[in-house]
Amino acid sequence: MMKRKEFLKRVGHSTLYGGMVLTGLSGCKKDNEQRPAEDCKLTGPDDLGPFFVAGSSNIVNLNTQNLPGTPMMVSGKVFSGEGASNPIENAKIEIWHADSGGRYHPEGSGDVSDYEASQITLRGFVLTPGDGSYSFQSILPGLYGGRARHIHYRISASDHDILVTQSYFLGDARIQEDPLSQNAGDCRIISFQDNGSGTQVGIVNFNIKKS
Ligand SMILES: [Fe+2]
């Protein structure tokens, strides 16, 4: 398994993040860019959907079964309240998404103990260190039903409300047709770009509410 340091190096985390800060300083946001973290309000909630399975594993590579697809790397930070000033340590981000054919593993809910290990993949959780950062790798989620392409998250941290939400992919024509993504706002509609090695990389930040 790739070590976290090596993973961040390959994602180019600091470079991408720095680019976003510069975008914010310019004072004008282009339609093809996501909003910089410091301009984001509390992250909006979204549907849990029918495929959340509790008790998933703490892993960096969600694609534990090497399912085919376009490699994807997601990183970002979890902040307390609005903006990018108060990162949260020890936030738990549970992640789940469809495979490239639009199927979940498993296509069900409940707890991991309800399933065989071989049925479970493209789901897991990461924990944030003191700077609130996280990262994981997987494959691009495929399309199913009338949904826009999306990734699911459930974020929990002490003294904060639990946030269930989804992120979307900037440029996806389905965003305007999917009732769930139509009002996601530009802090959850993420610009993914090829890192030059065939991996789609994107930054998803979360702003959760102090309870
Ligand atoms: Fe979904």
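Residues are numbered from 1 along each chain as its sequence is written, and side-chain values use heavy atoms, with hydrogens and water left out. Because the model is predicted, local features need pLDDT of at least 70 and side-chain atom pairs count only at pLDDT 80 or more, whereas totals for chains, interfaces and linings use all residues.

**The chain**

The protein chain holds 2 helices and 12 strands, where helices (H or I, at least four residues) and strands (E, at least two) are DSSP runs numbered from the N terminus. Along the sequence the pattern is α-α-β-β-β-β-β-β-β-β-β-β-β-β. Of the 211 residues, 47% are buried, buried meaning under 20% relative accessible area (1.4 Å probe, protein chains only). Taking contacts (heavy atoms within 4.5 Å) between residues at least 6 apart in sequence, 74% join residues at least 24 apart. The chain exposes about 10100 Å², of which carbon and sulfur atoms supply 49%; accessible areas come from the Shrake-Rupley method with a 1.4 Å probe, and for residues only the protein chains shown count as cover.

Strand β7 (residues 150-156) is largely enclosed by the rest of the structure, because 6 of its 7 residues are buried. Two strands pair if DSSP finds at least two bridges between them, and the pairings of β7 are set out below.

| Partner of β7 | Sense | Bridges |
|---|---|---|
| β3 (residues 92-96) | antiparallel | 5 bridges |
| β8 (residues 163-169) | antiparallel | 6 bridges |

Ile-93 has Ile-155 in β7 as its bridge partner, while His-150 is bridged to Tyr-168 in β8. The hairpin of β7 and β8 has 6 residues between the strands, and there Asp-159 takes a positive phi near 65°.

**The iron site**

The iron ion is coordinated by Tyr-104 (OH), Tyr-144 (OH), His-150 (NE2) and His-152 (NE2), at 2.0 to 2.1 Å. Tyr-104 lies in the loop between β3 and β4 (110-111) and Tyr-144 in the loop between β6 (133-139) and β7, so that this pair, 40 residues apart, links distant parts of the chain. Donors are N, O and S atoms within 2.8 Å of the metal (3.2 Å for Na, K and Ca), and sites may look incomplete because water is not among the atoms. The spacing of the donor residues in sequence is Y-x39-Y-x5-H-x1-H. Angles among the 4 donor atoms run from 92 to 155°, and the site is irregular; four donors count as tetrahedral if all angles lie between 85 and 135 degrees, four count as square planar and six as octahedral if opposite donors are over 155 degrees apart and all others between 65 and 115, and anything else is irregular. Tyr-104 is buried, with a relative accessible area of 3%.

Terms used. Buried < 20%, exposed > 50% of the residue type's maximum accessible area, 1.4 Å probe, protein only.
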